[in-house]
Amino acid sequence: MSTDPKTRTPGRRFVLLVPYLWLLAFFLVPFVIVLKISFSQTVLAQPPYVPVLDVSAGWQGLREFFARLTTEGYQLIVSDDLYLFSYLKSLQVAAVSTGILLLLGYPLAYGIARSPRGIQPLLVMAVVLPFWTSFLIRVYAWINILQRDGLLNEVLLRPHLIDEPLPWLASDTAIYIGVVYSYLPFMVLPLYATLERLDVSLLEAAADLGCPRWKAFWLVTLPLSLPGVAAGNLLCFIPIVGEFVIPDLLGGSDSLMIGQTLWLEFFSNRDWPVASAIAVTLLALLLLPMLLYERVQRRQMEGLR
Amino acid sequence: MAQNSGPGPAADRRPLVRFEGIAKRYGEVAAVDDLTLDIRPGEFFALLGPSGCGKTTLLRLLAGFENPGAGRILLDGEDIGAVPPHRRPVNMMFQNYALFPHLNVERNIAFGLRQENASRREISGRVAEMLALVQLEGYGKRRIGQLSGGQRQRVALARALIKRPRVLLLDEPMAALDKKLRAETRFELMELQRRLGTTFVIVTHDQEEAMIVADRIAVMNAGRLAQVAPPAEIYERPNSRWVADFLGEVTLIEGRLAPGGTLIASALGQLKVAADPAVAPESSVWLALRPEKLRIDTERPAGEVNALAGTVFEIGYRGDISLYKVRLADRSLIKVVLANTTLGGRAPFDVNDLVWLSWPAEGGVVLSR
């Protein structure tokens, strides 16, 4: 490694800059725009909000621009229960689905990680395989399965488990089925990654010290797989909160998830400021679990170092 | 058998551990093959052999991580074949230590006692005792990630000892330490074993380590016992060419034992040996010569000794000693070790020097296989 640092540094600096430039261009700039719109007012115009920043007006224009910003969008969100219920509904769907996903995904990931080395890639492949079909097509397939004369009712009717077809579609159950089905790989993969790395000799050590197998799972396997549990939960919980397609296609119309409410505000009401305010509030809400995850991760890193 | 000889501690008592006709196969490969071995109470026992000889499998069979395909394992006279690992009164120190990374030092050490539902007071007392035993007082709250390799090794030792096992199993316990630390740790382990009186069974591929720490060594080769005896006996009186060659340096000279049993006819001429009733005369034998048993001189030494002339072919300088390879009349090489006792470090011999090698009749071992 005797390359001249002077010739090496610019290239290295650029490489280090790439992720920051990426975040700047595709996260920070759009976010600032959304943030700005959330403090604007709706008008029937193009674009459908004011104020619009006019750089040519100089200092005076800038001052005027800031003077006309308003928190009306946020006030509306706080004052109308509709939005609160929408948020709560989203959080509820995300929390319950993530719980179900964990209960389903952990045994699945554990089973794969404990399978013979040779067939593990095959099993992981099986988990990922649905991704090869378009997400939208798979959700439409669920409409087919869940509808009144669909596959699910047929299967239940044949052996007389039920007497008449059940209305699966347009219900919360349908949302849960769709969400759990769609997000399972996001739960299984990080869990598998941590469980697969788990040192088997730790379990032998636990057994050697008088710990039966079932107890070793609670005392050793589970605590050491917590980073995977946290990653899986986060990877599922956050996008589920903002999920739009699944509740829109499979769910009912009586209570909307926040993604649907946002969509309505944006496309039906053409109220960009309120839609933006919803998005910003959602982001603020989701920051909390992310910070928690960060803490868990850091603690784990310290322990495993 | 060699197994019954040797003044190990408590040689008269019945064995603590007995492997009886143990066999373990992995597919076509026999890791352990019809092996019978006794380990006595209170001894420091070493399983020594090259990698893949089955020594680790034997240890894992005793811990209960593997089930034998055939044979019985007796602990204190009782068959423990059906006892799962978590109920066996033996504890193991793992090669990579297998410390729980999510628990601190204290909790790692306490792990075994907690499984017994010991009282909080007893646990904390015994943990403190163990920390003192391995000289880690004050380290109880440290995380495993904050410890050095040597400290981790001590935590692993304390964790395995806290349940006061009947047998402590040590799987290559010093493989991860650097040379200097390894040398210190060997003596600490011996001292600990003497103090506790616990039976230690160590698996190692390091012959020096086995020789230093163990009361008795079982040398293993290809799933079988090659020899079981105290270290000095294994080194001085190996029972086969394989053992002689595996432990330390040796030169093997092929020949035929004359009717009297005290002369070997070899390509290097007649060599005098001490009579060994175990070796049948008029059979083909090998004379094993340890390099430090040979004398090296510039003149032919007088007296009733074997003497061979040769030229110095190669000198391996190691600081404290030098290993000389001397080429003999039949072009074969013979190894001689000389302690570098003179100050100034001037070698007494040079490459291509003409020298005489000599040894008394009882300086070599006659091997029939």
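In this predicted model, the crossing of helices α4(A) and α11(A) is right-handed. Helix α4 of chain A spans residues 81-113 and helix α11 of chain A spans residues 226-241; the two pack at an angle of about 145°, and their axes lie 9 Å apart. Such a pair is described by these two quantities, since packed helices are characterised by the angle between their axes and the distance between the axes.

The residues that form this contact can be named on both sides. From α4(A) come S90(A), L91(A), V93(A), A94(A), S97(A), T98(A), L101(A), L102(A) and G105(A), and they meet V229(A), G232(A), N233(A), C236(A), F237(A), I240(A) and V241(A) of α11(A). By residue class, the contact of the two helices consists of ten nonpolar and six polar residues, with no charged ones.

From chain A the description passes to its boundary with chain B. Here 18 residues of chain A are in contact with 19 residues of chain B. On the side of chain A, the elements that supply two or more residues are α9 (200-208), α10 (213-224) and α14 (272-304). Helix α9(A) provides the largest share of that side, namely six residues. The side of chain A that touches chain B comprises ten nonpolar, three polar and five charged residues.

Chain B itself contains eight helices and 20 strands. Its C-alpha atoms fill a box of roughly 75 × 50 × 40 Å along the principal axes. Of its 369 residues, 38% count as buried. Among the contacts in chain B with a separation of 6 or more, 66% are made by residues 24 or more positions apart.

How is chain B divided by the domain assignment? The assignment gives domain 1, covering 2-241, and domain 2, covering 249-367. The centres of the two domains of chain B, taken over C-alpha atoms, are separated by 38 Å. Between them, four residues of domain 1 are in contact with five residues of domain 2. The side of domain 1 that touches domain 2 holds one nonpolar, one polar and two charged residues.

The largest nonpolar core has 107 residues, of which L169(B), V201(B) and L287(B) touch the most other members. Helix α4 of chain B, residues 149-161, contributes the largest share of this core, six residues. At least three residues of the core come from each of domain 1 and domain 2 of chain B. Leaving aside residues up to four places away in sequence, L169(B) touches L59(B), L62(B), A63(B), V90(B), N91(B), M92(B), M93(B) and V201(B). Another core, of 48 residues, lies apart from the largest one, and includes I37(A), Y106(A), L234(A) and C236(A).

Just after the helix, G64(B) adopts a positive phi of about 100°.

Definitions and conventions: Residues are numbered from 1 along each chain as its sequence is written. Chains are lettered from A and ligands numbered from 1 in the order in which they are written. This is a predicted model: local features need pLDDT of at least 70, side-chain atom pairs count only at pLDDT 80 or more; totals for chains, interfaces and linings use all residues. Two residues are in contact if their C-beta atoms, placed from the backbone, lie within 7 Å. Helices (H or I, at least four residues) and strands (E, at least two) are DSSP runs, numbered from the N terminus. Ala, Val, Leu, Ile, Met, Phe, Trp, Tyr, Cys and Pro count as nonpolar, Asp, Glu, Lys and Arg as charged, and the others, Gly among them, as polar. Axes are lines fitted to C-alpha atoms, for helices over the stretch in contact, and angles run from 0 to 180 degrees between N-to-C directions. A crossing is left-handed if the near helix is turned anticlockwise from the far one by less than a right angle, and right-handed if clockwise. A nonpolar core is a set of buried Ala, Val, Leu, Ile, Met, Phe, Trp, Tyr and Cys residues joined through C-beta atoms within 7 Å. A residue is buried if 20 or more other C-beta atoms lie within 10 Å of its own, exposed if 12 or fewer, and partly exposed in between; C-beta atoms are placed from the backbone. Domain bounds come from an automatic or database domain assignment.
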